[in-house]
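Dear colleague,

I am handing over the structure below, together with an account of what was found in it. Please read the notes with the model open beside them.

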Amino acid sequence: MDFPSFTASPPRFVSVEELMETAKGVTNMALAHEIMVNQAFQVKPTELPEGSWERRMKEIMHKAFWDCLEAQLKEDPPSYGHAIKLLAEIKETLLSFLLPGHGRLRSRIEEVLDLPLIQQQAENGALDISRLSQFIVGIMGSLCAPCRDEDINKLKEITDIVPLLKAIFSVLDLMKVDMANFAVSSIRPHLMQQSVEYERNKFQEFLELQPNALDYTEKWLEETMKCLREAGTDDCTAASSDPSPLYPLNVHNHAYLRLLKWDHASDPFPETVLMDQVRFQQMQQETDRLVLVSSVLLIVYTTTGEAISGLPGLMETLKNTVNILLADMRAPSFSAQEALANIGEKLCVELSQCLSQHGYSPFSADRRSTLKGQVLATIQPDNTVRKLMDARVQTYLLAYLESSQHKTPPPLPGGLAPVSTELKDLAVRFSYLVNFNKLVFSPFYQKILQKIFPFTSNG
């Protein structure tokens, strides 16, 4: 992850070695950070691009190796040089999968895949590779994750030795990935403190090379403070209208909310949250979608009145309709006006059908026109309903940040019930990301906040 370069402070000349070491450190820091903040993080098999030179070369080399193995085994008498090397590699891989409590299984693998004995059997023409392969498949079956059971069953159906060994290696590669992911999930709870210290130290090293590497972070916090003092301006969050006294923690939490309103095209992102810019951007998109969905549904129920309130399943049906038509909201080709016009039309049809089925008066042309016009009006950021729902979403996210210390989730503001599941999920991820960022960069934030609040020592 590359941090932006700055020109405010005098440049410091560093060696190529220093730069390379720093780049390596930042790369490692980014990986450690990804493991901690991405609960869905998974190691994935490396796949070379289709048609690439590297992929073609790898395929040619692999084919040459397996063709050579097949030729050796067809010799009279067979030559087992390549096969024994493969068995040694398989043995090493199987042993690497074992846990400390697998003593008996370790002994069994050592006994059956005894390489000196296998070499002796090969020299005496008594080596049974088919039997060893079946033993290997059996051990793999006892060690693999349940998701690999089908792969293991397919191995048992292969009778030719070379295709079987080839397939064994393919499944072993998948099992290595499975074990790596199991290790990541197992150690993640124990990595928190080490990861916090590691990221903090790496950023400190970077800061020593780039003394102005907190310029944008300072600007971010200072501008948050300014817009909170001038509460109600467009540059601050919709949750900033509370006239309560300002404290460092209050300003800091509002600063994170501002990241969900960021103009990524023109404003440099603060350095301390730069590794999570994509995440904050995705959350910003999720927030915008939830605001629009809740706005449209509020308009529907306000326009239609009591006739549809309480009808089972209707809210979910209307919500699904809106979600489907907003699915491509962030695609370059997406037209908000066209999507909202389609939503208005579709909702009118569904409401008419629903009212008819339940014996209510038909959905009149005037009401349909009013509904479609109000839905289309939400395209404007300053639309009254949209601003209201945006403020409520922002208020909920801020309250969730403030309540995360007490483990008690805040009450859901009115009008957000239809999107409660998605909003709560977003709040959990947003809060986790923010709190981890605070842990890592707390010393840096404290210094900046002390400058903003010169008479306050806590941040």
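W53 lies in helix 2, and together with M57 and M61 it forms a nonpolar patch on the surface, with about 350 Å² of accessible area between the three. A patch is made of residues with over 30% relative accessible area and no salt bridge, in which like charges are joined within 9 Å and nonpolar side chains (Val, Leu, Ile, Met, Phe, Trp, Tyr) within 5 Å. Accessible areas come from the Shrake-Rupley method with a 1.4 Å probe, and for residues only the protein chains shown count as cover.

Before going further, please keep in mind that this is a predicted model, in which local features need pLDDT of at least 70 and side-chain atom pairs count only at pLDDT 80 or more, while totals for chains, interfaces and linings use all residues. Residues are numbered from 1 along each chain as its sequence is written, and side-chain values use heavy atoms, with hydrogens and water left out.

The chain as a whole

The secondary structure of the protein chain comes to 16 helices and 0 strands, where helices (H or I, at least four residues) and strands (E, at least two) are DSSP runs numbered from the N terminus. The chain has 459 residues, of which 40% count as buried, and it exposes about 25300 Å², with carbon and sulfur atoms supplying 54% of that area. Among the contacts with a separation of 6 or more, residues 24 or more positions apart account for 70%, a contact being heavy atoms within 4.5 Å.

Salt bridges

The structure holds 20 salt bridges, each being a side-chain nitrogen of Lys or Arg within 4 Å of a carboxyl oxygen of Asp or Glu. One of them joins K74 to E70, with the closest N and O atoms 3.6 Å apart; the two residues are 4 apart in helix 2 (residues 53-74), and are therefore separated by about one helical turn. K74 is exposed, at 64% relative accessible area, whereas E70 is partly exposed, at 32%.

Two further examples belong to helix 8. D173 and K176 meet in a salt bridge of 3.9 Å, N to O, and both lie in helix 8 (residues 161-209), 3 residues apart, about one turn of the helix. D173 is partly exposed at 43% relative accessibility, and K176 is partly exposed at 37%. K202 forms a salt bridge with E205, with the closest N and O atoms 3.6 Å apart, and these residues are 3 apart in helix 8, about one helical turn. K202 counts as buried at 19% relative accessibility, while E205 is partly exposed at 41%. Elsewhere, E50, R55 and E59 are linked in a network of salt bridges.

Aromatic pairs and nonpolar cores

A search of the whole structure finds 14 aromatic pairs, which are rings of Phe, Tyr and Trp (its six-membered ring) with centres within 6.5 Å, counted as stacked if their planes are under 30 degrees apart, edge-to-face if over 60 and tilted for the rest. The rings of F203 and F206 have centres 6.4 Å apart and planes at 45°, so this pair is tilted. Both F203 and F206 are buried. One aromatic cluster is formed by F203, F206, W220, Y256, F441, F444 and Y445.

A nonpolar core is a set of buried Ala, Val, Leu, Ile, Met, Phe, Trp, Tyr and Cys residues joined through side-chain atoms within 4.5 Å. The largest has 74 residues, and W220, Y256, F280 and F430 touch the most other members. Its largest share, 14 residues, comes from helix 16 (residues 420-452). Leaving aside residues up to four places away in sequence, F280 touches Y256, L259, L260, F269, V273, F430, L433 and V434. A second, separate core of 39 residues includes A83, I84, V112 and I139.

With best wishes

Conventions:
Buried means under 20% relative accessible area, exposed over 50%, partly exposed in between (1.4 Å probe, protein chains only).
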